[in-house]
Amino acid sequence: MTKPVHAIPDPAVFTPVSIDEQLCIGCNLCLLVCQADLFLPNPIKGGAPIVMYGGECWYEGSCVDYCPVPGAITLNGQLFNRVRWKEADDGGAGRSEP
Ligand code: SF4
């Protein structure tokens, strides 16, 4: 007898990768090469993998490197690297909003 398993991606964690479900062919190569095991296979055959454990991402990018479909998966920069720097009025470095 098999028991159903229910899993919900952690909504409190920033999503380190975005998958374009229109482009993704569901080959699961990203899932196989991910060294941090972020993904779960989609229960629907051919569907995009589910980013389940976003907080575990190492940002090393193998998912993007191995994806055979350009643009299907995007590695999002870490939040602390998303700020834009600009010169402040006094000539020093200031920080603007991301
Ligand atoms: S490697 Fe690319 S096309 Fe294949 S499942 Fe992952 S995102 Fe989709």
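Biologist: In what order do the elements of the protein chain run from the N terminus on?

Modeller: This is a predicted model, in which local features need pLDDT of at least 70, side-chain atom pairs count only at pLDDT 80 or more, and totals for chains, interfaces and linings use all residues. Residues are numbered from 1 along each chain as its sequence is written. The protein chain holds two helices and six strands, these being DSSP runs numbered from the N terminus (helices: H or I, at least four residues; strands: E, at least two). From the N terminus on, the order is β-α-β-β-α-β-β-β.

Biologist: What radius of gyration does the protein chain have?

Modeller: The C-alpha trace spans about 70 × 30 × 25 Å along its principal axes. The radius of gyration is taken over C-alpha atoms, and the globule rule is 2.2 Å times the number of residues to the power 0.38. A compact globule of 98 residues would have a value near 13 Å, but the protein chain has 17 Å.

Biologist: What percentage of the 98 residues in the protein chain is buried?

Modeller: A residue counts as buried if 20 or more other C-beta atoms, placed from the backbone, lie within 10 Å of its own, as exposed if 12 or fewer do, and as partly exposed in between. Of the 98 residues in the protein chain, the buried ones make up 16%.

Biologist: Which residues have the most contacts inside the largest nonpolar core?

Modeller: In soluble globular proteins, nonpolar side chains tend to be buried together. A nonpolar core is a set of buried Ala, Val, Leu, Ile, Met, Phe, Trp, Tyr and Cys residues joined through C-beta atoms within 7 Å. The largest one here has 14 residues, and those with the most contacts inside it are Ile19, Cys30, Cys63 and Ile73.

Biologist: Is isoleucine 19 buried or exposed?

Modeller: Isoleucine 19 is placed in strand S1. Leaving aside neighbours within four places in sequence, isoleucine 19 is in contact (C-beta atoms, placed from the backbone, within 7 Å) with Cys24, Ala48, Pro49, Ala72 and Ile73. Because 22 other C-beta atoms lie within 10 Å, isoleucine 19 is buried.

Biologist: Which residues come nearest to the ligand?

Modeller: A residue is near a molecule or strand if its C-beta atom, placed from the backbone, lies within 6 Å of it. By class, the shell around the ligand has twelve nonpolar, two polar and no charged residues; Ala, Val, Leu, Ile, Met, Phe, Trp, Tyr, Cys and Pro count as nonpolar, Asp, Glu, Lys and Arg as charged, and the others, Gly among them, as polar. Isoleucine 73 also touches Val17, Ile19, Cys30, Cys63, Val64 and Cys67, not counting residues up to four places away in sequence. Of the 14 residues around the ligand, the nearest are Cys24, Cys27, Cys30, Cys67 and Ile73.

Biologist: What phi does asparagine 28 have?

Modeller: Most residues other than glycine have a negative phi, and most peptide bonds are trans. Asparagine 28 lies in the loop between strand S1 (17–19) and helix H1 (29–33) and is partly exposed, since 17 other C-beta atoms lie within 10 Å. The phi of asparagine 28 is positive, near 70 degrees.

Biologist: Near what value is the phi of aspartate 37?

Modeller: Aspartate 37 lies in the loop between H1 and strand S2 (39–40). With 10 other C-beta atoms within 10 Å, aspartate 37 is exposed. Its phi, a positive value in a residue other than glycine, is near 55 degrees.

Biologist: Which residues does valine 33 contact, leaving aside neighbours within four places in sequence?

Modeller: Valine 33 lies in helix H1 and counts as partly exposed because it has 16 C-beta neighbours inside 10 Å. The C-alpha atoms of valine 33 and tyrosine 66, 33 residues apart along the chain, are separated by 7.6 Å. The contacts of valine 33 are Ser62, Cys63 and Tyr66.

Biologist: What distance separates the C-alpha atoms of arginine 84 and methionine 1?

Modeller: Arginine 84 lies in the loop between strand S4 (73–75) and strand S5 (85–87). Arginine 84 is exposed, with 8 other C-beta atoms within 10 Å. From methionine 1, 83 residues apart along the chain, its C-alpha separation is 55 Å.

Conventions
Contact = placed C-beta atoms within 7 Å.
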